[in-house]
Amino acid sequence: MHAPYPALRLRRTRATAWSRRLHAENVLTPADLIWPLFVTEGEGVEEPIVTLPGVSRWSVDRIVASAREARDLGITCLALFPNTQKERRSDDGAEALNPDNLMCRAIRAIKQAVPDIGVLTDVALDPYTAHGHDGIVDDAGYVLNDRTIELLIGQSLNQAEAGADIIAPSDMMDGRVGLIREALEGGGHVNVQIMAYAAKYASAFYGPFRDAVGSRGLLKGDKTTYQMNPANREEALREVALDLAEGADSVMVKPGLPYLDIVREVKDAFAVPVFAYQVSGEYAMIEAAVAAGAADRDAMVLETLLAFKRAGCSGVLTYHALHAARLLAR
Ligand SMILES: NCc1[nH]cc(CCC(=O)O)c1CC(=O)O
Ligand SMILES: [Mg+2]
């Protein structure tokens with residue numbers, strides 16, 4: 001037990017800047033940051049995304065330049081998302097299996113030019129389907145679990161063969177992690193990791209992302225038959241347990257800030273690497289507050305990212321990664 005006041009004053013260790021730093025329980029570094037990037041066709045192309053102010057879709061050549069910049073600032077990993085042209089979208093999302101699709105070209109270009117930065121690739125069909133869902137849809141509009149997994153396996157192998165370091169299934173089909181792992185082993189990709197979007201909620205915070213990959217206008221209905229109900233926490237622990245049992249190397253909770261309770265519970269329950277995705281709607285909220293004069297961007301970015309570390313995250317996917325890394329370099 002500690003002595004009572006006045007022998008004990010918790011403000012004593014907060015009295016000077018050096019002491020506050022000395023007593024910090026958590027620290028944010030650029031190594032904690034995964035930077036999501038949107039890829040588009042063309043050369044020298046930058047297309048600003050209206051609902052994600054400050055974020056653009058970039059052509060492959062521009063993506064490579066960004067990868068270099070990120071690596072130089074100490075960012076450890078990129079997460080890639082393609083804006084697939086409408087004419088390449090279909091009901092079954094078969095473009096996901098094309099070895100020369102936009103995603104694979106971006107992976108190869110980055111791994112050739114900047115081999116020392118990690119490349120994480122999203123596995124789900126929504127950037128490739130005409131209806132904007134993450135899988136194959138039946139006549140009643142239901143996303144079919146097992147048929148979708150067959151395509152996800154092909155998509156994963158396609159990305160691994162192009163050079164992806166981390167396969168990140170974001171589709172929420174049951175059983176896909178084990179089957180993807182088995183296919184990766186069979187294909188000789190023994191060191192390709194799986195970061196499972198294990199507890200992914202059907203969230204109102206994904207809107208700007210759907211603009212970025214061009215699926216917002218296409219999406220019929222919602223994703224509540226496969227993504228989780230925001231009301232649930234026990235179910236998140238079951239999702240995580242299953243993905244780990246199936247061979248996930250790390251798990252993700254998504255969205256981020258509204259679900260930090262889930263991050264902490266998963267970390268305490270499983271003691272495995274946990275990541276969180278500070279998603280597009282969270283980024284947009286911060287930027288809107290900054291634009292309204294209601295917030296200091298630098299302080300808010302660093303505080304929110306540190307909160308993920310405190311909750312137990314090994315790292316965070318954030319659209320503010322480059323900005324945060326620059327702030328941390330000062
Ligand atoms: N499987 C698609 C996917 N992968 C990442 C995000 C959202 C990321 C963000 O909002 O920043 C989504 C959107 C969705 O599930 O509709
Ligand atoms: Mg699951």
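Predicted model: local features only at pLDDT ≥ 70, side-chain atom pairs only at ≥ 80, totals over all residues.
Modeller: Residues are numbered from 1 along each chain, and side-chain values use heavy atoms, without hydrogens and water.

Colleague: What makes Arg210 a polar contact of ligand 1?

Modeller: A polar contact is a pair of N or O atoms within 3.5 Å. An oxygen atom of ligand 1 lies 2.7 Å from an N or O atom in the side chain of Arg210, so the pair meets that limit. For Lys223 the value is 2.7 Å, and for Ser280 it is 2.7 Å.

Colleague: How do you know whether ligand 1 is buried or exposed?

Modeller: Taken alone, ligand 1 exposes 400 Å² (Shrake-Rupley method, 1.4 Å probe). The protein buries 100% of that area.

Colleague: Why is the space taken by ligand 1 called a cavity?

Modeller: On a 1 Å grid over the protein atoms alone, a cavity is a set of points where a 1.4 Å probe fits but cannot get out. The space taken by ligand 1 is the largest cavity, so the probe cannot leave that space.

Colleague: What is the volume of the largest pocket, and which strand gives the most to its lining?

Modeller: A pocket is an open set with protein on both sides within 12 Å along at least five of seven lines, and lining residues have an atom within 4 Å of a point. The largest pocket has a volume of about 320 Å³. Strand S1 gives the most to its lining, with four residues.

Notes: Chains lettered and ligands numbered in written order. Polar contact = N/O pair within 3.5 Å; in protein donor to acceptor, adjacent residues only side chain to side chain. Sits in = over half its atoms within 2 Å of the grid points. Points joined across faces, edges and corners; volume = space filled by probe spheres on them. Helix = DSSP H or I, 4+ residues; strand = E, 2+ residues; numbered from the N terminus.
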